[in-house]
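We will go stop by stop.

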Amino acid sequence: MPIIVFVSLRATTFFDSKSHGTLSAYHSRTFTIFPPRTDKVISKRLEYSLDLISNGKVPGIESGNIHLTDTAKYLSIVKKSFDSNDDLKEFIENMSGGNIRYTENIYWKWSCRHD
């Protein structure tokens, strides 16, 4: 009796398993959903963070405990810097290979560095 099984995998995991893993024993039909552009994800997350701050609705932070205006200024500077730096966006895209988790790690390390 034929069955259909859906498995959600990252592209690298799929190709590794297809070449020398469990999936190598089966004929698979693949459907690919491409991840969003990494620069759009970072920009949207910065916008979301700024919106939370401007509305005073930062999860886990009670108003008055932290100077959110300084945080908002910092995030605005980071966002403007990122949005205007095409080389940085291209570097992050190439280093992450489209993997949003890698993208976040690369970007946050860049934005939080202290020279």
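Predicted model: local features only at pLDDT ≥ 70, side-chain atom pairs only at ≥ 80, totals over all residues.

Residues are numbered from 1 along each chain as its sequence is written, and side-chain values use heavy atoms, leaving out hydrogens and water.

Stop 1: Select α2 (38–55) and α3 (68–84). Helices here are DSSP runs of H or I, at least four residues, numbered from the N terminus. The axes of α2 and α3 lie 10 Å apart, at an angle of about 160°. The two helices are therefore roughly antiparallel (an angle over 145 degrees between N-to-C directions).

**Stop 2: the contact.** Contact means heavy atoms within 4.5 Å. Colour the contact of α2 with α3 by class: 9 residues are nonpolar, 4 polar and 4 charged.

**Stop 3: Leu46.** Which residues is Leu46 in contact with, leaving aside neighbours within four places in sequence? Select Leu75, Val78, Lys79, Tyr107 and Trp108.

**Stop 4: the core.** A nonpolar core is a set of buried Ala, Val, Leu, Ile, Met, Phe, Trp, Tyr and Cys residues joined through side-chain atoms within 4.5 Å. Buried means under 20% relative accessible area (1.4 Å probe, protein chains only). The largest core has 14 residues. Ile42, Leu46, Ile53, Phe82, Ile92 and Tyr107 touch the most other members. α2, α3 and α4 (86–96) each give two or more residues to this core.

**Stop 5: the loop.** Select Gly56, between α2 and α3. Gly56 has a relative accessible area of 46%, so Gly56 is partly exposed (between 20% and 50%).

Definitions and conventions. Axes fitted to C-alpha atoms, helices over the stretch in contact; angles between N-to-C directions. Parallel < 35°, antiparallel > 145°, perpendicular 65-115°, else oblique. Nonpolar A, V, L, I, M, F, W, Y, C, P; charged D, E, K, R; others polar.
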